[in-house]
Amino acid sequence: MRPFHYERPRALEEAIAGKTEASRFLGGGTNLIDLMKYDVERPASLLDLNRLEGLREVERDREGTLRIGALVSNADAAAHPLVREHHPLLADAILAGATPQLRNMATMGGNLLQRTRCYYFYDRLTPCNKREPGTGCPAKEGVNRIHAILGTSEHCIATHPSDMCVALAALEAVVVVRGPSGERRIRTEDFHRLPGDAPERDTTLDAREVVTAIEIPARLYGRHHTYLKLRDRLSYAFALVSVAVTMEMQEGRVSRLRVALGGVAHKPWRVPEAEALLEGRGPEEARFGAVADRLLQGARGYGHNDFKIGLARLAIARALHQAAAATPQSHVAKRIA
Amino acid sequence: MPDDLSPRGPETVALTLTVNGASHALRVPAWTTLLDLLREGLGLTGSKKGCDHGQCGACTVILDGKRVNSCLVLAARSDGSEVRTVEGLASPDGALHPLQEAFIKHDAFQCGYCTPGQLCSGVALLQEGHTRTEDEIREWMSGNLCRCGAYPNILAAILEVARKEGRA
Ligand SMILES: Cc1cc2nc3c(=O)[nH]c(=O)nc-3n(C[C@H](O)[C@H](O)[C@H](O)COP(=O)(O)OP(=O)(O)OC[C@H]3O[C@@H](n4cnc5c(N)ncnc54)[C@H](O)[C@@H]3O)c2cc1C
Ligand code: SF4
Ligand code: FES
Ligand code: FES
C-alpha cells in the first residue's frame, strides 16, 4: 500500500469539511483497502468514519419506515430483529453475499459504494475507462463472462456487484446523504448510475457527501418475496445473475410488484413497465415469461456473457414463482424451489 | 484524481490493543494492517497470510468478539480493541480449546496453513450459533478455504463440539 494520511474525524461535520477529491471515507475497508493494495485506489488520506456517533442505529418510525445507519455492519443489519421481521428480503440478500467475516466488517454505506469486480478495473497493467478515463475498455473484446448485458455503453460494460443493493432497489429504498450544503435524500434508483460516457462515476454522490443512512418504506409483502442468486459456486461468489422480488397481494391479486436484477448492469436493473404486466391480476405463471422479456428488452451479450440473457430469463420466472408461492429462496439450503 | 501521495501529517498512528489478554501500546505506520501488526510487530505468526485480499480466511481473527479478515483491517482502525488469535484459544494452563481437540481427533487439517483461520472462524461460529445443521455450518464456514480439502473433517469437528455444547 502507498503511504497515506490517516484521520479520525470526531463529528460528521468534521468528516465532511475534511473531505477532498483526493481523500476517501473509510467504512469497513473491505473494498477500499483491497483496492489500495492493488494500487487502484490511491487516496492521499483516509477519513475513518468508524468512531462517529449516530450512524449505527436501526429504527422504525410510526409510518413503518425502517432507517438503518450507514455504519451498521452488514452482519448486524441482517441479524437485526426489525430487519428480519419487516424486510426479510434485505436480510436474505445481505446473507447471500460475501462471507461472515467480511459481513462483520462491511458497512451499509460501504456496500452501496463498493466498486465493480471487472478484472481489468483491478489490473493496473491494462487500460480501463473506469479507472483511467479515456484509456479504453478492454472488457468489450476481452474476457467478459461477468459483465453487463443491459444499460452498457461503448465506454464501459461493468456491473455493480452488490447483492444488498438489488434488494434495496426492489424495496424502493432511499439513501440519506449529507454534504457541505446539508442533507439530501436519493432514491436507490437514482443513486447508482449507468456508465454512459463517464464510467469513472459509479453513483450520483458528490465527492464531499457522506452516506448517513438507508431508509426503507413500509411494505406488506409478507412471505411473498425472494432473493435468487445464481453464481459459479453455491457460496462465496459474486452473482452472475440475481433477482430480488417483492409481490404484495390483495385478495388474490398482485397489488404491487417490484423486481430488480443484479449482475446484469452498472446498477440494479428495474423496469416499471415489466412490473405493471402482473399488477392488478393474479400471479399467473403464464405471464412470467412476458415480465422477463420486458425486463430484458434490449439485452445484448459481449461473447462470454451471452449466456446471461437466457439465464436471467429463467431466473426471473423462477423468482416470480418463488415469490407467488411464498417460498423465498433459502441461502443455507441451496436447492432452488 | 490528483496523484498527490505525500502524507500531509503524521505518518504513524498511536494505538492500544489487547491481544490474547495482553495489552500493547504501539505506534504503527498508518498503512499497517492488523495482520501485519500481529505477525511482524508482535511476532504472533499463527494468523496466516494466504491471499492478503479477503478471499481465503487464513488471516481470520476475533476482533471485539467478531471474526474478521485481519488482512483487510487497518491496525489504526482497531485502536482500543480486543483481539483473539489462534495463540489465544487455549487456556493459559495450556489446555486446548474443545475445537482444537476436535480438530486433532477428526484429522481436520493436512498442511495446516488454513487451520488457525478455520479455528478462529469456528470458535466464533459456535458463539454465533449458526451450527444447527451441516448445511448451516458449511454456509457459515464458507469464508475459510482449505486447499488440502479437509472440509468434511473440519465439518465433523465443528459439529461434534456444537453437539456437545447443545448447539446442533
Ligand atoms: C472476497 C470478497 C467477496 C465478496 N463477495 C461479495 C458478494 O458476494 N456480494 C456482495 O454484495 N459483496 C461482496 N463483497 C463486497 C463487500 O460486500 C464490500 O466490500 C462491502 O460491502 C464494502 O463495505 P465496506 O464498509 O467495507 O466499504 P469500504 O471498503 O470501507 O468502502 C467502500 C467505498 O465506499 C466509501 N464509503 C464507505 N462508507 C461511506 C459512507 N458512509 N459515505 C460515503 N462513502 C463511504 C469508501 O470511501 C469507499 O470508496 C465481497 C468482498 C470481498 C473482499
Ligand atoms: S468494463 Fe468498465 S471497468 Fe471493466 S475495463 Fe471496461 S471500462 Fe473498465
Ligand atoms: S489473507 Fe486475509 S483473507 Fe486471505
Ligand atoms: S489443511 Fe492445508 S489448506 Fe487447509
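Is A:D76 buried, partly exposed or exposed, and at what relative accessibility? A:D76 counts as partly exposed, at 36% relative accessibility. (Buried means under 20% relative accessible area, exposed over 50%, and partly exposed in between, with a 1.4 Å probe and protein chains only.)

**Before you start**

This is a predicted model, where local features need pLDDT of at least 70, side-chain atom pairs count only at pLDDT 80 or more, and totals for chains, interfaces and linings use all residues. Residues are numbered from 1 along each chain as its sequence is written, chains are lettered from A and ligands numbered from 1 in the order in which they are written, and side-chain values use heavy atoms, with hydrogens and water left out.

**Stop 1: across the chains**

(A salt bridge is a side-chain nitrogen of Lys or Arg within 4 Å of a carboxyl oxygen of Asp or Glu.) B:K66 lies in strand β4 (residues 66-69) of chain B and A:D76 in helix α3 (residues 74-79) of chain A, so the pair joins two chains. (Helices, H or I of at least four residues, and strands, E of at least two, are DSSP runs numbered from the N terminus.) B:K66 is partly exposed too, with a relative accessible area of 34%.

**Stop 2: ligand 1**

Select ligand 1 and show its shell. (A residue is near a molecule or strand if one of its heavy atoms lies within 4 Å of it.) There are 34 residues around ligand 1, and A:F25, A:G29, A:T30, A:T107 and A:D163 come nearest. The shell draws on chains A and B, so the site is shared between chains.

- A:T107: a side-chain N or O atom is 2.6 Å from an oxygen atom of ligand 1.
- A:N31: a backbone N or O atom lies 2.9 Å from an oxygen atom of ligand 1.
- A:V211: a backbone N or O atom lies 2.8 Å from a nitrogen atom of ligand 1.

On its own, ligand 1 has 980 Å² of accessible area, and the protein covers 95% of it. (Accessible areas come from the Shrake-Rupley method with a 1.4 Å probe; for residues, only the protein chains shown count as cover.) Colour β2 (23-26), α7 (108-112) and β8 (210-216) of chain A: these elements give two or more residues to the shell. The largest share, 3 residues, comes from α7(A).

**Stop 3: salt bridges in chain A**

Over all chains, the count comes to 43 salt bridges. Select A:E248 and A:R219, whose side chains meet at 3.9 Å, N to O. A:E248 sits in strand β10 (residues 241-250) and A:R219 in the loop between β8 and β9 (225-230), so to speak distant parts of the chain, 29 residues apart. Both A:E248 and A:R219 are buried.

Next, pick A:R178 and A:E183. Their salt bridge spans 4.0 Å, N to O. A:R178 is partly exposed at 30%, and A:E183 is partly exposed at 43% relative accessibility.

Definitions and conventions. Polar contact = N/O pair within 3.5 Å; in protein donor to acceptor, adjacent residues only side chain to side chain.
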